[in-house]
Amino acid sequence: MTIYYHDSQKTFHLQAGDSSYVMQVVNKGFLTHLYWGKKIKEYRFANRLQFTDRAFSGNPHPSENRTFSLDTLPQEFPVYGTTDYRAPIVQVQLENGTTITDFRYDSHRIFKGKPELEGLPSTYIEEEAEAETLEIMLYDELSGLKAVLLYTVYNDRSVITRSIRLVNSGRQSLQLLRALSASVDFRDNDFEFIQLSGAWGKEREIERHSLRQGIQSIESRRGASSHQQNPFLALARKNADEQYGDVYGFSFVYSGNFLAQAEVDQFHTARVSMGINPFDFSWKLEPGDSFQCPEVVMVYSHEGLGGMSRTYHDLYRHRLARGPFRDRERPILINNWEATYFDFNADKIESIAAAGSELGIELFVLDDGWFGHRDDDKTSLGDWFVDERKLPNGLDDLASRVRNMNMEFGLWFEPEMVSVDSDLYRNHPDWCLHVPSANRSESRNQLVLDFSRDDVCIAVTKMVMDILSSAPITYVKWDMNRHMTEIGSARLPADRQRETAHRYMLGLYRVMEKITTSFPHILFESCSGGGGRFDPGMLYYMPQTWTSDNTDAVSRLKIQYGTSLVYPISSMGAHVSDVPNHQVNRLTSLQMRGDVAASGNLGYELDLTKLTDEEKEEVTQQVAQYKKIRSLIQFGDFYRLLSPFAGNETAWMFVNKKKTEAVLFYFRVLDAPNAPFRSVKAHGLDSGKTYRIQETGEIVGGDELMYAGMDVPADVSGDFQSVVWHLKEAE
Ligand code: DGJ
């Protein structure tokens, strides 16, 4: 990791792990982009910028040079109105109504470490020596706006983090109309665009398609990062697969409305832009005010998608997630949601917990329905006091009884929401997002509390903290079950209404910061109707997320495989549930359900009191086996071997850092007559080591497993099958 500046050429060369990133200040202060890719020892302008006169590409300084146009230049901070017609990174409206800016290089500094971003989640360092940062200051004379561009490189990681702070250093009031966090220009468009798209119950399906001239974008306008699009995109060379080829990943550390796009222009260059969605956004900057854009984490991989994912996993596991649970093995839990829904009482809960304890499960989670008078989803959100009809002796008593069974106790909340039928709403009808005199649309019978308001945030924080202090709670599931509509705040003036959605995120981040740091002994898991807010912003506060409300093992193959493109396995909640499955009605084997869930943070979500003796025996074994491989699963390197998006089979494996232990999972959804023989090639082992297969006692070489492959036994028959091989280095 090093950042070089060459004054004579005005170049910046950032070396990050196995990658290089090069920029140059040209002409009268334009910051251009020269290179991003595999590491170069010393940059000597092999791919220098080309200057030629192109029709309809205007010139900022025509009298001096007709060959210089921003329209043809790869740039770091593109703006609108001064000859570049591609997507700008920033747009600002001046008091005279115009929106033209002309940013030029002003100064820079290089320093050890990585600054925090005020009020926002971001990747971090623990020691200054871990990273180095380049800060480039650009200045626009027309508006008086300064742009402070931050680039951080970490030791030994092929990662560059970027963010921008905009400072109004002029004398007029400005309206930011667009404030993206990063823009990168590539010299060609010979890439495929990879996105993680879906819907409730089918989050983060991998889509991959060629770039074409024009804009290809993904975005959220829902007030949450969303089930529909994840704040991530990658450009991959067409030959890039899991092991080989160049891949460029962009991941946005933010949980609200975002835009991520690639624009291919007339010269077949590609520009990637990422940041807060400019749609329905503006931000007023009075003189002296500043605006901090969230962080984009850019990863370069020469080892295909697998290499990119492992870089994200390591960084997000160790330098995005925080708190004591970051490096701790996560407990195996039993959650009562699919077992009881709203229909439970203390005895029922105790009986499920008792059954879980006998099976070796370590944590009981009481889901929705314990507060107010919530017998269905029509009521009580916001009334965070115990429903004594269901829990007559309160939470403390229930939690203590669960703990006496040798299990931890966890609790569900949905702090950002309010039911119309609640005391909170009756007392404070203006505390929700709304627009005066407009209808208030409901979703799941609920409204969104206005977290852009400090008073609302403080009141909600207190209610949640009071409950957390009232009982021995060591786990919280933080849910959020609707998207925003009628986005407006009773507290903001007319010219700041379009700040509401971003102010909401800042409020949410403040609330989560306060609560999670006040209760460091609590493991927090975020959730939004499953994985509707599975994003790096949430992972900063809560080290794991409920991956999807869809617990069907077959659906989960795609959901977990897609999620693993960016997010570490230790961040994925995965539960074994009942059959027929409650979301898709499918009947799968308990073995496959167990193996799919054991490929994440294992949990159970069914009425354990109804298991047969045989099922109990099987679950006891699953739990015991998971405890043996848990650290490998949660903290090992992850390799995708066969994709569920390509066919009927899926395989993946986990390898510890020393390559002395690994576990390989193979899944086959449907059986077929006379099916081809299958062998699965392992990745990531040490070719010089030999391994003992724990299930069979056989000894095989790492080279054999990787080059020749492991045979799936031909007698595995029937639908919904899984096979697991646990490998340990042979003595
Ligand atoms: C949605 C979550 O994803 C479910 O797991 C469950 O907690 C329900 N909400 C409860 O309302």
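Helix 6 and helix 7 cross in a right-handed sense, meaning the near helix is turned clockwise from the far one by less than a right angle. This is a predicted model, where local features need pLDDT of at least 70 and side-chain atom pairs count only at pLDDT 80 or more, while totals for chains, interfaces and linings use all residues. Residues are numbered from 1 along each chain as its sequence is written, and side-chain values use heavy atoms, with hydrogens and water left out.

Back to that pair: the axes of helix 6 (residues 454–470) and helix 7 (residues 500–518) come within 10 Å and cross at roughly 25 degrees. So helix 6 runs roughly parallel to helix 7 (angles under 35 degrees count as such). Helices here are DSSP runs of H or I with at least four residues, numbered from the N terminus, and axes are lines fitted to C-alpha atoms over the stretch in contact, with angles from 0 to 180 degrees between N-to-C directions.

Now look at helix 3 (residues 346–359) and helix 4 (residues 394–404), which pack at about 20 degrees with axes 10 Å apart. That makes helix 3 roughly parallel to helix 4, and their crossing is right-handed.

On to the ligand. It is surrounded by 13 residues, the closest being Asp-367, Asp-368, Lys-477, Asp-479 and Asp-549 (a heavy atom within 4 Å). Asp-367 puts a side-chain N or O atom 2.6 Å from a ligand oxygen, and a polar side-chain atom of Asp-479 sits 2.7 Å from a ligand nitrogen. From Gly-530, a backbone N or O atom lies 3.0 Å from a ligand oxygen.

Notes: A polar contact is a pair of N or O atoms within 3.5 Å; within protein, one must be able to donate a hydrogen and the other to accept it, and residues adjacent in sequence count only if both atoms are side-chain atoms. Helices (H or I, at least four residues) and strands (E, at least two) are DSSP runs, numbered from the N terminus. Angles under 35 degrees count as roughly parallel, over 145 as roughly antiparallel, 65 to 115 as roughly perpendicular and the rest as oblique.
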